[in-house]
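Subject: Structure for you to look at

Hello,

Here is the structure I said I would pass on. Please open it first; my notes follow below it.

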Amino acid sequence: MHDVIDSTNTRIAALSKENAEEGTIVFARQQTAGRGRLGRQWVSPPNSGLYMSVLLRPEQSVGELPVITLGIGVAAAKAIFATTGLRIGLKWVNDLIYDGKKLGGILCEVPSGNSKLPALVIGIGINTTFDSDSIPDELKEKLYWLEAASGTEVDTTALATELCFQIESVYESMKKGEIAKVLDEWRLYSITLGQEVVCTTPSREVRGIALDVTNTGALIVQTSAGREELLGGEISVRTAHGSYT
Ligand code: BTN
């Protein structure tokens with residue numbers, strides 16, 4: 001456990017090159033350079049969230065990034081439910097959502113460099129406590145944190161312990177080839193499937209209805225031109241009011 005670190009993902013990536021074992025975990029109370037997906041910053045003030053990264057060394061069968069991200073999302077949803085009683089939703093591919101706002105996210109990265117072993121860094125950030133006065137108004141519309149959502153104090157250590165247990169359980173399940181079972185669990189938490197979505201990738205925009213996910217975790221979208229399988233990018237889901245969130 002680090003009081004302050006630049007990014008737990010960066011630390012695990014460095015450890016992976018020193019041949020750290022699968023299952024190595026780094027926690028921090030604060031990150032000064034927390035990273036989100038698509039090059040974004042992950043705001044990580046002191047004692048305001050769970051910031052952790054785990055090193056996995058998956059064999060080929062579980063080496064597909066999106067499906068692992070979905071499995072870790074299921075683990076996070078179960079851990080949050082077990083420790084706070086809150087039932088969150090999962091927005092493809094990696095957002096932890098409550099009441100339309102982002103409560104946490106998952107960043108899977110393959111470290112560059114010359115480690116001899118396969119390596120996958122799984123970073124998880126879950127907002128637990130925020131001083132709402134310290135959050136800019138435009139972010140208040142988009143962010144949530146566990147204490148506000150559950151109305152109770154959150155024991156971050158208990159959440160971290162449960163999350164480690166759930167990650168191990170889902171990962172073991174995937175290693176045994178139970179991908180379909182994990183995807184079925186993901187479908188139960190999904191707030192994306194059946195919705196009108198817009199998916200923005202660096203090169204294009206895809207609009208349509210999110211139908212399902214493939215066995216590798218890609219999102220199947222029915223567009224006016226046919227079906228597309230999306231592997232990454234950012235999606236917005238149409239709300240009941242017609243706006244996209
Ligand atoms: C996202 O964009 O939704 C993913 C956010 C992931 C944030 C976590 S916090 C712990 C780990 N270390 C980082 O620098 N990022 C991840």
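**Backbone points**

Leucine 38 counts as partly exposed, because its relative accessibility is 48%. Please keep in mind that this is a predicted model. Leucine 38 sits in the loop that links strand E2 (25-31) to strand E3 (49-56). Its backbone deserves a look: phi of leucine 38 is near 55°, which is a positive value in a residue other than glycine.

Aspartate 99 also has a positive phi, of about 50°, although it is not a glycine. Aspartate 99 is found in the loop between E5 and strand E6 (101-109). With a relative accessible area of 60%, aspartate 99 is exposed.

There is also a cis peptide bond to check. It runs from tryptophan 92 to valine 93, and its omega is near 5°. Valine 93 belongs to the loop between strand E4 (89-91) and strand E5 (95-98).

**The sheet**

In what order do the strands of the open sheet lie? The order is E1-E2-E3-E7-E6-E5-E4, which makes 7 strands with mixed pairing. Strand E1 (2-5) and E4 stand at the edges; each has a single partner strand, so one side of each has no neighbour in the sheet. From one strand to the next, the twist averages 30°.

- E2 and E3 are antiparallel and pair over 4 bridges. Phenylalanine 27 has methionine 52, in E3, as its bridge partner.
- E3 and E7 are antiparallel as well, and pair over 8 bridges. Leucine 56 has leucine 120, in E7, as its bridge partner.
- E6 and E7 run antiparallel and are joined by 6 bridges. Leucine 107 has glycine 123, in E7, as its bridge partner.

**Strand E7**

Is strand E7 (residues 120-127) mostly covered or mostly open? It is mostly covered, with 8 of its 8 residues buried. The residues point two ways from the strand. Leu120, Ile122, Ile124 and Ile126 point one way from E7, while Val121, Gly123, Gly125 and Asn127 point the other way, and all are buried. Two of the bridge partners named above belong to this strand: leucine 120, the partner of leucine 56, and glycine 123, the partner of leucine 107.

**Cysteines**

How many disulfides does the structure hold? The count is 0. A disulfide would need the two sulfur atoms within 2.5 Å. Cysteine 199 is in no disulfide either; the nearest cysteine sulfur, that of cysteine 108, is 17 Å away.

Both of these cysteines are covered. Cysteine 108 counts as buried because its relative accessibility is 15%, and the cut-off for buried is under 20%. Cysteine 199 is buried too, with a relative accessible area of 0%.

Regards

Conventions: Residues numbered from 1 in each chain as written. Predicted model: local features only at pLDDT ≥ 70, side-chain atom pairs only at ≥ 80, totals over all residues. Heavy atoms only, no water. Buried < 20%, exposed > 50% of the residue type's maximum accessible area, 1.4 Å probe, protein only. Pairing = 2+ DSSP bridges. Axes fitted to C-alpha atoms, helices over the stretch in contact; angles between N-to-C directions.
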